[in-house]
Amino acid sequence: MPACLRTAFVLLLGLHATHAHASVPLQLQSPDGRNSISFGLDASGAPTWAVARDGRPVIAPSPLGVRLAGDGQMGKGLRLAGSRTTEADARYEVVAGKSREGRDHYRQLEIDLADAEGRVLGLVLRAYDDGVALRYRLPRPARGDLVVDGELTGFLFPRDYACHALNLGRFGTSHEGEFDPVDASRIRPHHLVDLPLVCATGEGTTTFAIAEADLDRYAGLYLAGRADGRLGVEAKLSPRLDEPGVAVRLPRGEVDAAGHPTPWRVLMLGASPGALVESDLVARLNPPTPIADTSWIRPGKSAWDWWSGGLAPDVPEPGMNTATIRRYIDHAAALGLEYMLVDDGWYVGSTGNGHYNPDADITRAIPGLDLEDLIAYAGERGVGIWLWAHWRSLEPRLDEVFERYAQLGVKGVKVDFMERDDQQMVAFFHEMMRASARHRLMLNLHGAYRPTGLQRTWPQYITQEGVLGAEYNKWSRRITPAHNVTLPFTRMLLGPMDYTPGGFRNTTPEAFQVRFKGPEVMGTRAHQLAMYVVYDSPLQMVADSPDVYVDAPGADFIRLVPTSWDETRVLDGAIGSHIVTARRVGRDWYIGAMTDRARTLELDLGFLPAADYSATVWRDGNKPTDVVREQRRVDAGHRRIRLELAAGGGAVLHLQATPLRIAMRD
């Protein structure tokens, strides 16, 4: 790691403190001055906050506070006891993701709010150029446990915004569903809306998304329509399994004297939906990684036996056996993939259908599957092995299992079916992070709650599910091209998503048939190829069976495309309509375009550094499975390119800089 990144530059400016006599309201502006937060106390001593961008209100004055069991509500009868402001600017290296470097540049306002009993509720407000955030510092109780029943945090809207929301309806899910368009006024108190909630203000071009960051020793956040009928949403916390009316319980000894920090409540802000896609604010609000040597964390692409149903036509008896997995390893090596993921069914007692078996042993392979031989066979071909595990089988033996996998030479573990984000499950996530770091194992979590930026602290947590992805093609018609171009502007704002692209049995929505083995996908093959550029995931599945990639149009792009990037730009797009994303590795640029319906896109490539570029283009052909590969030139003086996309189609480009041509004088 470069010395300039090891020693981050932090600038503290404008430090001051005020006490009980301080006046309210208080104001905080982002470094560029465009985003602002206002804090106030009403006549009853109830704290409020409001957010504006470019002087226009985005969040109207909204309630703040928490409900503490036994001690009552800390949301009224408060007075301002002190405040402090700071400004920080630090750069840090990103191990794997959509940029090589992160910048944590913000202005911060810390506020102390005292009640009549002398308890102090801390409030931390931050303003960034790409959003704002707040968190509480909960007071340590005088006796007993710190118990949180809920929050009073609200987001009131000054007008009826057009939003996209995933209404899960209940706690305890895998966070898989569609983000449907909905007017804010249609979000009801009985709804349970997952994050992010993405809304357009309808004034100017501002788009915002409500998210959560740095979730630790707390319960996951949801949103619901306001019970008082006002326009906007309010916080709901995932309840503990053992105490349904309680969200958080912490022993007094685990609460710092300065207070217990809650997760950040985040409002991402941008001039367009694409600006939110470029932002890494959710990850940035998490602590730096404690891992000194990250060289073992290696992004890449993986073959996978489960999605296609373990199809291996040239294996006499395909299934969970040595011959089938060898065929997938050969496929990975032939296509230049870094990994092979062996999914459910490989260990003694695994059911093959995701069900938990208390008698399973996730350290021993079933008869007929020689795991040690397969790991050695894969290693000789430059392919690393990942293994699947049910979380309930893993939890009681966490260190023992991870130590065994590391001894075998396994590179990573896919842990599945957590399907909760209560305080206990959040604690298990953090326990997994620490254990996997000790044993140098990467993680891919499925059946998991949506990201909260934990990948910054634990970069071996390289990707996760929490998305309605390609697996649903096996049993439903829900994975439409419109859904695919909604995900980048909604779920993907929070962090990497293991959608599992690469379906090469491409068809139109009208001709699509549901098949569990050898599933089809709606849209063109170029639409699938573009996912490798558009979708963030440092570990990308190449989901289909080995036979469909042999000499197949488009397979050469899968071999070529990286999974971790130095820079990301969104060139065009609208939620549920289309997206064009450009990403850089070194001097090479990759562009992915996806659409719901047929359209022509005129791309302005003026962002490219001065050079001529040779562009290889993979685009839609006459049939969904067709891919037309062609060469184009992008001259330094003419930085525009036209793409014709089919319905449910796409395109990908690989741009390589060439020396500028110099005009010769006579």
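Biologist: How many salt bridges does a search of the whole structure find?
Modeller: A salt bridge is a side-chain nitrogen of Lys or Arg within 4 Å of a carboxyl oxygen of Asp or Glu. This is a predicted model, so local features need pLDDT of at least 70 and side-chain atom pairs count only at pLDDT 80 or more, while totals for chains, interfaces and linings use all residues. Residues are numbered from 1 along each chain as its sequence is written, and side-chain values use heavy atoms, with hydrogens and water left out. For the whole structure, the number of salt bridges found is 52.

Biologist: Is Arg 119 buried or exposed?
Modeller: Arg 119 forms a salt bridge with Glu 117, at 4.0 Å from N to O. Arg 119 has a relative accessible area of 16%, so Arg 119 is buried.

Biologist: Which residues do salt bridges that share partners join into one network?
Modeller: Asp 361 and Arg 364 form a salt bridge whose closest N and O atoms are 2.9 Å apart. Asp 361 is buried at 15% relative accessibility, whereas Arg 364 is partly exposed at 46%. The network joined through shared partners consists of Arg 100, Asp 566, Glu 567, Arg 569 and Arg 584.

Biologist: How much space lies in the largest pocket?
Modeller: On a 1 Å grid over the protein atoms alone, a pocket is an open set of points where a 1.4 Å probe fits, with protein on both sides within 12 Å along at least five of seven lines. Points are joined across faces, edges and corners, and the volume is the space filled by probe spheres set on them. For the largest pocket this comes to about 870 Å³.

Biologist: Which residues lie nearest the centre of the largest pocket?
Modeller: The lining (residues with an atom within 4 Å of a point) has 47 residues. At least two each come from β8 (79–93), α3 (281–284) and α9 (454–457), the helices being DSSP H or I runs of at least four residues. Nearest the centre are Tyr 92, Glu 93, Val 94, Ala 283 and Arg 456.

Key. Buried < 20%, exposed > 50% of the residue type's maximum accessible area, 1.4 Å probe, protein only.
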